[in-house]
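Let's take a walk through a protein model together.

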Amino acid sequence: MGVDDRLLIRWPAPLPDGRRIVLRHRASGGTVEEPVGGDRTSAALAVGELDPGKWHVRLMADRTDVPLLTDDPCFSFDEMRAYAGLPRDRAVRVVRSSEGYVSLRVRRVSPHAEVEAVYPGEGEIRVEGRLAYAGPRPGEGARLTAVARETRRTVTRDARLDGTEFRVCLPVDAFAAEEPALWDLWLDAGDVHARLATRLDDAPGKRGKVSFPRQLVPAGERQMSVRPYYTGKDELSIASHLVPEETG
């Protein structure tokens, strides 16, 4: 899948004349067809305007069609990063099933701040990543805003933004004022208000699988535990709560 939303398919040897690629929408049954190129070893389809949902990719011969098979994994993180680096409201992803069948997943998207690295330690939480589906924001400042879910109290810090890449450092003691609190993280750059999340790595379901160490912050005579975590939607948040007192 190219950044220009064209699906390119290649075969190692020429196909018989008359072959066509058929995209079939699973929900509606609607189809899009494209002939195999004159070299009979390739086909290129414009898929950027497809309706959201799952599309089966099939190869038509005469009046019958069969599923398109491939041994290509159909995923490259570098290509996915490049694809998400452009402004989009619709994303197309090629999917290969365990049996080798090819399909397309089309979904509506809005900009988010793709988290690629989280470094908790030494009294701070450093986060690095890049804006997804928003495009570069040249000449614009950026700011990270943490919002406490219950009280709506906010903590803000300036972020460094270079093209689409961002870096921000959050001092953990800034999250000790609310007890307990869950903080949702947003990156603001110009007119973009983007939730921090990790979604481009083709590994959903990070909650309970990815964990970060906690840091302890003095809170009066007690201590507050502060740590980043992933929500059920693979969004990055911060949890802060009082450490239970030990009982003798």
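Which domains does the domain assignment give for this chain? The assignment gives domain 1, covering 6-108, and domain 2, covering 112-242. Keep in mind as you look around that this is a predicted model. If you take the centres of the two domains over their C-alpha atoms, they are separated by 36 Å.

Now turn to the place where the domains meet. Here 13 residues of domain 1 are in contact with 13 residues of domain 2. How much area do domain 1 and domain 2 bury between them? The answer is about 1000 Å², and 55% of it is on carbon and sulfur atoms. On the side of domain 1, the residues that lose the most area to domain 2 are F77, R81 and A84, which together make up 41% of what that side buries.

Two elements, α1 (77-84) and β7 (90-96), each give two or more residues to the side of domain 1 that touches domain 2. Of these, α1 gives the most, with five residues. Sorted by class, that side of domain 1 has eight nonpolar residues, one polar residue and four charged residues.

Charged residues lead us to salt bridges. As a general idea, side chains of opposite charge can pair when their charged atoms come close. Across the interface of domain 1 and domain 2, there are two salt bridges. Next, look for E116 and R81, another salt-bridged pair, whose closest N and O atoms are 3.2 Å apart. E116 sits in strand β9 (residues 112-121) and R81 in helix α1, so this pair links distant parts of the chain, 35 residues apart. Are these two residues buried, partly exposed or exposed? E116 counts as partly exposed at 35% relative accessibility, and R81 is partly exposed too, with a relative accessible area of 23%.

How many salt bridges does a search of the whole structure find? It finds 18. One of them joins R40 and D17, with the closest N and O atoms 3.4 Å apart. R40 lies in the loop between β3 (31-35) and β4 (42-46), while D17 lies in the loop between β1 (6-10) and β2 (20-25), so the pair ties together parts that are 23 residues apart in sequence. R40 is partly exposed, because its relative accessible area is 31%. D17 has 60% relative accessibility and therefore counts as exposed.

For a last stop, find D184 and R195, whose side chains meet in a salt bridge at 3.0 Å, N to O. Since D184 lies in strand β14 (residues 181-189) and R195 in strand β15 (residues 192-197), the pair ties together parts that are eleven residues apart in sequence. Are D184 and R195 buried or exposed? Both D184 and R195 are buried. Salt bridges that share partners also join R149, D184, R195, R199 and E235 into one network.

Methods:
Residues numbered from 1 in each chain as written. Predicted model: local features only at pLDDT ≥ 70, side-chain atom pairs only at ≥ 80, totals over all residues. Heavy atoms only, no water. Domains from an automatic or database assignment. Contact = heavy atoms within 4.5 Å. Buried area = accessible area lost by both parts, 1.4 Å probe. Salt bridge = Lys/Arg side-chain N within 4 Å of Asp/Glu carboxyl O. Helix = DSSP H or I, 4+ residues; strand = E, 2+ residues; numbered from the N terminus. Nonpolar A, V, L, I, M, F, W, Y, C, P; charged D, E, K, R; others polar. Buried < 20%, exposed > 50% of the residue type's maximum accessible area, 1.4 Å probe, protein only.
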